[in-house]
Amino acid sequence: MSNHSKSKTGPPIVGVSKNMERVRELIEHVAHTGLNTVVFGESGVGKEVVAQNLYQKSPRFGKPFIKINCAALPEGLLESELFGYERGAFTGAEQKKKGKFQLAHSGVLLLDEIGDMSLPLQAKLLHVLQSGGGFSPLGSEKEVQTDTWVIAATNHDLKKAIDEGKFREDLYYRLNIIKIHVSPLRERPEDIPLLIDFYTKEYAAMLNDRHIEKPSAQVIDRLCVYSWPGNVRELQNVLKRMLVLGDSNQIVDELLNGERTSSPTSEATNGPNQQVSLTQIIDLDGKNSPDNQSFSLKSAKKEAVEMVEREIISHVLAKTDWNRSKAAKILKISYKTLLYKISDLNIIPPEK
Ligand SMILES: Nc1ncnc2c1ncn2[C@@H]1O[C@H](COP(=O)(O)OP(=O)(O)O)[C@@H](O)[C@H]1O
Ligand SMILES: [Mg+2]
C-alpha cells in the first residue's frame, strides 16, 4: 500500500477555465518557495495533480514524493505510518520502520484528506511543523530531523471544521500559508472537451492496438451539461467506458437520464426536448386550466417563459451549429449560464 515513488510525475494541468489558469499561475509562484500549502476541492477535481505539479516544478523534483491518506487509516496506524517506530515500540513492531515524514525527507509529503486527521495527531503534526521537522519515532528517544515540504489536501471546509471543534485553528494557519482552490468540474464545463481530448489520447496509447475514436462533438456537447459529481475521476471512468464499449450515445443518455430522475425539480417534461406549445399552456381545458387544482398564473407564466427561452436558445444553437460560446455571445448571456440553461431546459443536441 505504499504510495512511495521517486520522481513521480503526474499529468499536466489540463484546462482553459479561469480556475485552471489561476491554479497554474499559483503553482508557478509557489513551487520554488516550499511554503506549506493546502489544496482545497471536491473529490476527484485534481488536488493530487496539483500537488504533483508543485513538486515537479520545485527544486525538490527527483527527491521522494510521498503521499498518505489521513482518512484511510485508524489513528494509531496513521501515527506510526507518519512518524515511524523503533523495534518493540508496540506489540507487533518487530522491526524498526521509518515513517513517511522521514521517507519524504528532502522531498514532498502530501497529506491527503487532512481534514479527517484526529485531534491528537493534529497536535503532534503541529508540533513537528513548529519544530522545523524534528520528532521522535514511536518508542525512540532520539529525535530525527527532516526537511520535508508538506502539502495538504482536503475536500472539507476547514474553517467550518474549526468552528465545529474538529480541526485545530493553529494547525490550519501553520499549514495554510498558500491556499489553492480547485473548482468542481461542473463550474468549469469549458475544460471538459480538453480533458476528453487529453485522456482519449492517453487511453488510446494505453490500450495500444485498439481502434480508439474520440466521442462525437454531439456526445461531447452533452457531456458538458452533465453535473459530474465525481469530477475528473468520473469523467475518466465514463470516457474509458465509452472508448471500450463504443456506445457513447447510450452511455451519455444514461448519465443525463439518471441525473434527471434523481432531481425532483426537473420532472416538468415527460421527455427530452418535449415541446410545449403556447396553446397547451393556456389550454383552458387541460392541465393549465384555471379550473385545474394545480393551476396558478405564476406556474403558467414560468412554463411560458421557459418555452420561449427553449425556442430561442434552440434556434440560436442550431444557427451556430451548436457552437456554444458563439451562441452565448449572440444571446448576450455568459457561457456558463447558457450551459446551465441547455441542461435545465432539456435542450438536446440534434442527431448528426
Ligand atoms: N486538470 C487536470 N488535468 C489532467 N488530469 C486531471 C486534472 N484534474 C484531475 N485529473 C485527473 O483526474 C484524476 C483525479 O484527480 P486527483 O488529483 O486524484 O483528484 P483528487 O485528489 O482531488 O481526488 C486523476 O487521474 C488526475 O490525473
Ligand atoms: Mg485524491
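The paragraphs below go through this predicted model, from the whole chain to single residues.

Residues are numbered from 1 along each chain as its sequence is written, while chains are lettered from A and ligands numbered from 1 in the order in which they are written. Because the model is predicted, local features need pLDDT of at least 70 and side-chain atom pairs count only at pLDDT 80 or more, whereas totals for chains, interfaces and linings use all residues.

The chain has 352 residues, of which 29% are buried. A residue is called buried if 20 or more other C-beta atoms lie within 10 Å of its own, exposed if 12 or fewer do, and partly exposed in between, with C-beta atoms placed from the backbone. The chain contains 15 helices and ten strands. Helices (H or I, at least four residues) and strands (E, at least two) are DSSP runs, numbered from the N terminus. Two residues are in contact if their C-beta atoms, placed from the backbone, lie within 7 Å. Of the contacts with a separation of 6 or more, 73% are between residues 24 or more positions apart.

The strands come next. Strand E2 (residues 37–40) is joined by four bridges to strand E9 (residues 149–154), and the two run parallel. E2 is also joined by four bridges to strand E10 (residues 178–181), again in parallel. Two strands pair if DSSP finds at least two bridges between them. On the E9 side, Val38 has Ala152 as its bridge partner; in E10, Ile178 stands opposite Thr37. Thr37 and Val39 point one way from E2, Val38 and Phe40 point the other way, and all are buried.

Another parallel pair is made by strand E3 (residues 64–69) and strand E6 (residues 108–112), joined by five bridges. Here Ile68 stands opposite Leu111. Five of the six residues of E3 are buried. Leu109 is located in E6, and it counts as buried because it has 24 C-beta neighbours inside 10 Å. Outside the four places on either side in sequence, Leu109 is in contact with Ile66, Lys100, Phe101, Ala104, Thr148 and Val150. The C-alpha atoms of Leu109 and Ile151 are 6.2 Å apart, although 42 residues separate the two along the chain.

The largest nonpolar core has 59 residues, and Val39 and Ile151 have the most contacts inside it. Helix H10 (231–245) gives the most to this core, with six residues. At least three residues come from each of domain 1 (5–183) and domain 2 (187–344). A nonpolar core is a set of buried Ala, Val, Leu, Ile, Met, Phe, Trp, Tyr and Cys residues joined through C-beta atoms within 7 Å, and the domain bounds come from an automatic or database domain assignment. Beyond four places in sequence, the contacts of Ile151 are Thr37, Val39, Ala51, Leu54, Val108 and Leu110.

Now to the ligand. Ligand 1 is surrounded by 18 residues, the closest being Val14, Gly46, Lys47, Glu48 and Val232. A residue is near a molecule if its C-beta atom, placed from the backbone, lies within 6 Å of it. Both domains give residues to this shell, so ligand 1 lies between them. Helix H2 (47–56) and helix H10 each supply at least two of the shell residues. By class, the shell has eight nonpolar, seven polar and three charged residues. In this count, Ala, Val, Leu, Ile, Met, Phe, Trp, Tyr, Cys and Pro are nonpolar, Asp, Glu, Lys and Arg are charged, and the others, Gly among them, are polar.

Some backbone angles remain. Most residues other than glycine have a negative phi. Asn231, in helix H10, has a positive phi near 55°; with 21 C-beta neighbours inside 10 Å, it is buried. Asp321 also has a positive phi, about 55°, and lies in the loop between helix H13 and helix H14. Asp321 is exposed because it has 11 other C-beta atoms within 10 Å.

The buried residues of helix H15 (335–344) are Leu338, Lys341, Ile342 and Ser343, and they pack against H13 (297–319) and H14 (324–331). Asn346 follows H15 and has a positive phi near 60°. With 19 other C-beta atoms within 10 Å, Asn346 is partly exposed. Its C-alpha atom is separated by 9.4 Å from that of Arg260, 86 residues away along the chain.
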